[in-house]
Amino acid sequence: QIQTTFASDGAPSSPALPAVTFVEGGENLAWNADLASSPQTSATPRDREELLAQVHARIASRADDAPPPKTVSRRSGVSARLLATPLRETLLTAATERGAAWDELVRTAPGAIGQLTDILLSTRENPVARVQAAELLAGVPSRRTVMGLVQALEADEFRVRRAGALALLKVVDRAPHLRPRMRPLRQQASRELRRPARASGSENEFEQASPFRLDARGNVIAPSLELVFLLLAIGGDAEALRLALLAVTSPDATRRGTGLEYLDNLLPGDLRARIVGLAAHPELTQASQRVPPPTIAKLAADFRARRITLKQLQARYRKAMQAQYDEVS
């Protein structure tokens with residue numbers, strides 16, 4: 001689009017460069033020397049056509065020199081180069097039968113960090129393959145590995161975030177000098193507490209081996225709380241945090257008090273206030289709160305009939321949860 005400024009009487013204004021707007025390829029375009037240095041007069045239709053023809057010729061010449069666009073699979077959201085490798089199919093095969101295929105993946109993982117990271121971060125990839133990729137990266141401690149795993153902590157899928165945290169914890173345990181900064185980890189932990197996740201029931205051995213999966217009574221803790229402790233352990237003292245979790249969820253009041261002292265020293269104020277609140281009601285930390293449906297129905301009926309207040313309803317529900325928690329343990 002080319003415009004020349006005119007004065008109010010219709011005559012061309014003082015010499016000024018025409019205002020040119022390039023619709024596409026702007027950063028790759030440059031004026032020809034003869035265009036930039038030629039005197040500017042009122043633009044006739046023929047002048048405009050010639051100028052536009054030169055601009056379009058310039059765009060075409062740059063487009064011919066540009067590299068071909070990267071093809072992306074609509075199915076998985078990863079590059080054609082990655083789809084052409086046997087790595088993805090081998091990962092999915094190894095998910096069900098860990099034999100020679102998995103041993104070969106472990107052996108070749110140091111030379112496939114880039115491809116494994118691509119799979120881990122691909123939003124359209126199979127979640128099982130993404131978790132497998134994180135497990136393989138856990139055995140390859142390097143700065144490149146850490147960069148990919150840190151990105152995985154912000155994935156939309158909870159399993160991918162937890163797998164990334166588990167892999168990071170293993171990496172920094174083997175190579176403490178690769179430990180990420182603590183502040184972003186605490187910020188991520190705070191976000192996890194605000195968006196509870198449900199247990200999927202399809203965790204593999206890598207996920208089930210999490211050091212923060214079980215509480216002091218052997219119950220599976222809430223997944224979000226597990227991930228919070230994993231994130232804090234990456235940047236801090238994993239063993240001390242594990243002891244704190246066991247103490248806080250212990251049925252023994254003395255041990256719970258010891259756990260609270262641990263947390264006072266290990267956690268920043270905002271996280272400590274939220275996690276310490278769980279010590280008073282350890283049943284809230286479990287992954288599945290299986291209060292019998294008849295009990296819930298009776299509490300709801302009593303509340304609707306105004307036979308109990310909201311405070312009484314909450315107290316009775318917690319009591320039912322505690323009873324069920326003790327029975328499971």
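**Helix packing, seen closely**

Guide: The axes of helices H6 and H8 come within 10 Å of each other and cross at roughly 5 degrees. Helices here are DSSP runs of H or I with at least four residues, strands are runs of E with at least two, and both are numbered from the N terminus. An axis is a line fitted to C-alpha atoms, for helices over the stretch in contact, and the angle, from 0 to 180 degrees, is taken between N-to-C directions. Two packed helices are described by the angle between their axes and the distance between the axes. H6 and H8 are therefore roughly parallel (angles under 35 degrees count as roughly parallel, over 145 as roughly antiparallel, 65 to 115 as roughly perpendicular, and the rest as oblique).

This is a predicted model, where local features need pLDDT of at least 70, side-chain atom pairs count only at pLDDT 80 or more, and totals for chains, interfaces and linings use all residues. Residues are numbered from 1 along each chain as its sequence is written, and side-chain values use heavy atoms, with hydrogens and water left out.

On the H6 side, Ile113, Gly114, Thr117, Leu120 and Leu121 meet Arg144, Thr145, Gly148, Leu149, Gln151 and Ala152 of H8. Contact means heavy atoms within 4.5 Å. Sorted by class, the H6 and H8 contact has 5 nonpolar, 5 polar and 1 charged residues. Nonpolar covers Ala, Val, Leu, Ile, Met, Phe, Trp, Tyr, Cys and Pro; charged covers Asp, Glu, Lys and Arg; the others, Gly among them, are polar.

Both helices also take part in the surroundings of helix H7. The buried residues of H7 pack against H4 (87-94), H5 (100-108), H6 (113-121), H8 (143-152), H9 (158-174) and H11 (205-208). Buried means under 20% relative accessible area, exposed means over 50%, and partly exposed is in between, with a 1.4 Å probe and protein chains only. Since 9 of the 11 residues of H7 (residues 127-137) are buried, H7 is largely enclosed by the rest of the structure. The buried residues include Arg130, Gln132 and Glu135, along with Leu136 and Leu137. At the start of H7, a side-chain oxygen of Asn126 comes to within 2.8 Å of the backbone nitrogen of Val128.

H9 leads on to another pair of helices. Arg161 lies in H9, and it counts as buried at 3% relative accessibility. Leaving aside neighbours within four places in sequence, Arg161 is in contact with residues including Ala152, Gln188, Glu192 and Leu227. Its side chain makes a polar contact of 2.7 Å with the side chain of Glu192. A polar contact is a pair of N or O atoms within 3.5 Å; within protein, one must be able to donate a hydrogen and the other to accept it, and residues adjacent in sequence count only if both atoms are side-chain atoms. A polar atom of the Arg161 side chain also lies 3.1 Å from the backbone oxygen of Ala155.

Now for the second pair. Helix H10 (residues 182-193) packs with H12 at an angle of about 175 degrees, with the axes 9 Å apart. H10 and H12 are therefore roughly antiparallel. Among the residues that meet are Leu185, Ala189 and Glu192 in H10 and Ser224, Leu227 and Leu231 in H12. By class, the H10 and H12 contact has 10 nonpolar, 3 polar and 2 charged residues.

Ser224 lies in H12 (residues 223-235) and is buried, with a relative accessible area of 7%. Not counting residues up to four places away in sequence, Ser224 touches Phe158, Glu192, Arg195, Pro196 and Ala197. Leu230 is also in H12, and its relative accessible area is 0%, so it is buried. Leu230 and Leu169 are 61 residues apart in sequence, while their C-alpha atoms are 7.3 Å apart. Beyond its neighbours within four places, Leu230 is in contact with Arg162, Ala165, Leu166, Leu169, Ser210, Pro211 and Phe212.

For the setting, the protein chain has 17 helices and 2 strands. Of its 329 residues, 38% are buried. Among contacts between residues at least 6 apart in sequence, 66% join residues at least 24 apart.
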